[in-house]
Each structure stands twice: as C-alpha cells, then as structure tokens.
Amino acid sequence: MATQAHSLSYAGCNFLRQRLVLSTLSGRPVKIRKIRARDDNPGLRDFEASFIRLLDKITNGSRIEINQTGTTLYYQPGLLYGGSVEHDCSILRSIGYYLESLLCLAPFMKHPLRIVLRGVTNDQVDPSVDVLKATALPLLKQFGIDGESFELKIVRRGMLPGGGGEVLFSCPVRKVLKPIQLTDPGKIRRIRGMAYSVRVSPQMANRIVDSARSILNKFIPDIYIYTDHMKGVNAGRSPGFGLWLVAETTNGTFLSAELVSNHQGQGAAVLPEDLGRNCAKLLLEEIHRGGCVDSTNQSLALLLMTLGQQDVSKVLLGPLSPYTFSKKDCLFVQEAKFIVTPLD
C-alpha cells in the first residue's frame, strides 16, 4: 500500500489504454478508480481486461490489482521484456485496438517483439491492420525503426461477429529514436488500396473497386486498387467486405481512409457501390485536412517525438483528432521536446 500512495490517480474509464501505455513507458504506477461505477454493468469491459493481460505478457514483473467489481485498477508496470508472444484478443474490439499500443511499446523492449494476435482484423471502430501497415509502419521508419524483422502480416482475415483472424507483428529494438522534420507534405503522387471480401462473392471486391475509381479518377490518374478474396480457414468465421485507400505524396506522406460493411445483425445491408464511393470521399476529405501525418497516426507521431532524443522535432498536422487530444493530455512529460504546427 505504501507503493500505491505514490501512484498517479485517475477516475473514469476514459483514456484507460493511453494511461496504461504511458505508465508502462514511464515506469510510473497508476491507480484508476470509478471505472463505469454508475453504469448498469460497472467495471472493466472484456476488451480492456484482454488488453491488460497483453501488457502482462509483454512485460516482466508487472503488478496488477483489480477489485471485485472491476471498478478500480492498480497497475505497477514491470520491465518491457518482449520475446515471442501469442494473444487471443477480445472480439469486441479489433486487433488494431491492441496494435496501436504495441506500436508505441515494441521499439523499447529488452528483446525484439514477435507476437501473434488472433481476433477481428477489420471493424468500424478501430484502425484496421491494413491501414496500420500502410501508414504507421512508414511513420515508424522515419524515426529509425526499421530492419528485416520489422513486419506486420495478415495471416487470416476475420470479420465481426465471429472473428477468426490472425496477425503477425514483429519489431526490432531501438533504444534511441531519430528526431524528425516533417513540415512539407508535398503533392499527391499516387493512390493505392485494397478491396477485400471474405465468405461472400469475389465480385463484391470488383464492384467496390469500380465505384471507388469512379470518384478518384477525377482527382489523379495513378490509381491502383488490389482485390483480396480469402477462402477457407483464411477467411475467418463471418462474411464481410471492405476497402482501404492510401494516398502517397511526393515527400513520403501517407494519408488513409477505410470503410467496412455492417456485420451480421447490425443495421441494413451495405451495397458495395455505396461503400466504395463513400470510402473514396473519405480519402479526399483526409487529403483536404492536410498535414504530414494522417488522423489515424497523429497521436503515435506525437508520442514518439516526445520519447526521442534531446532534439527538436517538427511536424505539420491537420486538425487534431479527439484521440490525439487525449494522448497529448496524458503524456508524462514536464518539458516539451517537439513543435506541432496545426493547419488553419
């Protein structure tokens, strides 16, 4: 109890994942109280408990205490150990929910991390594994995190509600990060993407591609959208389809957008043509927002800039997303080491 007296104290379930990640990086214990205390179903949710178990697997010596109702959590981080890990994620959130945090923690492990995550690869809430591979990995390479063992691979694709997806993520150790100077996003050079379908007709993906190109062809000619139709055990347990798009600029900036069909039992059926057109419009909106980092990876860029060397990093961002605001407010730093220039 003497140790808990020196821990940082928070109330509520907001930003729980960010607080645990930053606690792990800084080595400072946290105590979070009143987690959904007034809710009809109080306490931690299943996906949050799964995330805490994942932190316990990749660290050595962590101390985790949860009260009987699950409304109070005490977390004293241990050493970021790494190694080979396997984890079954909750299907209430996609694998991207867990990967976003692993991207922040993996470079600072004692041993290179190689982890297999099982669950949902694409949903409508969290960034998909595809988008993180296309945008977050190039951003990490800007900070000097690179090598043959730096890999993010979808082995099996899994959709809601059944899941069944499997992802392999491996990352080398980098104790020191390079400062970055990202102030000129450049001009859009090309657009790439992928339309995927599982346990539905392969024609769904072709219809998505045609509708997306009908919008994007008016913007730029260099467009290539792949199709991916997985079968058998690689298709997970539930049907579905979706599209992700990435615009690459002349200076190496990646801006992304994605959409996924409604899963079984959720709302009305989505036409592939509507999904393709809406995803293309979302990409054009992301391009309009501007900046050298897209909305999905703003918080990752800010965190890595904070953890870098005693040197000034600069980044040009578009309008800050709500998630970026929460990460910025949670940072355990007393002195700013980066310059953020938001666009008007």
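User: Let's start with helix H7: how many of the residues of H7 are buried?
Analyst: Keep in mind that this is a predicted model. Helix H7 covers residues 298-306 and is largely enclosed by the rest of the structure. The buried set includes Gln298, Leu302 and Thr306. The count for H7 is nine of the nine.

User: Okay, and are H1 and H3 roughly parallel or roughly antiparallel?
Analyst: Helix H1 (residues 16-26) and helix H3 (residues 95-105) pack at about 25°, their axes 10 Å apart. Angles under 35 degrees count as roughly parallel. That angle therefore makes H1 and H3 roughly parallel.

User: Which residues of H1 make the contact with H3?
Analyst: H1 passes H3 in a right-handed crossing. From H3, the contact takes in Gly96, Tyr97, Glu100, Ser101, Cys104 and Leu105. By class, the contact has five nonpolar, three polar and two charged residues. On the H1 side, the residues are Arg17, Val21, Thr24 and Leu25.

User: Which are the edge strands of the open sheet?
Analyst: Four strands line up as S7-S8-S10-S9, with mixed pairing. From one strand to the next, the twist averages 15°. An edge strand pairs on one side only, and here that applies to S7 (83-88) and S9 (151-156).

User: What is the bridge partner of Lys153 in S10?
Analyst: S9 pairs with strand S10 (residues 165-171) in the antiparallel sense, over five bridges. Helix H4 (residues 129-142) lies across S9 and S10, at about 165° to S9. In S10, the partner of Lys153 is Leu168.

Conventions. Residues are numbered from 1 along each chain as its sequence is written. This is a predicted model: local features need pLDDT of at least 70, side-chain atom pairs count only at pLDDT 80 or more; totals for chains, interfaces and linings use all residues. Side-chain values use heavy atoms; hydrogens and water are left out. Axes are lines fitted to C-alpha atoms, for helices over the stretch in contact, and angles run from 0 to 180 degrees between N-to-C directions. Helices (H or I, at least four residues) and strands (E, at least two) are DSSP runs, numbered from the N terminus. Angles under 35 degrees count as roughly parallel, over 145 as roughly antiparallel, 65 to 115 as roughly perpendicular and the rest as oblique. A crossing is left-handed if the near helix is turned anticlockwise from the far one by less than a right angle, and right-handed if clockwise. Contact means heavy atoms within 4.5 Å. Ala, Val, Leu, Ile, Met, Phe, Trp, Tyr, Cys and Pro count as nonpolar, Asp, Glu, Lys and Arg as charged, and the others, Gly among them, as polar. Buried means under 20% relative accessible area, exposed over 50%, partly exposed in between (1.4 Å probe, protein chains only). Two strands pair if DSSP finds at least two bridges between them.
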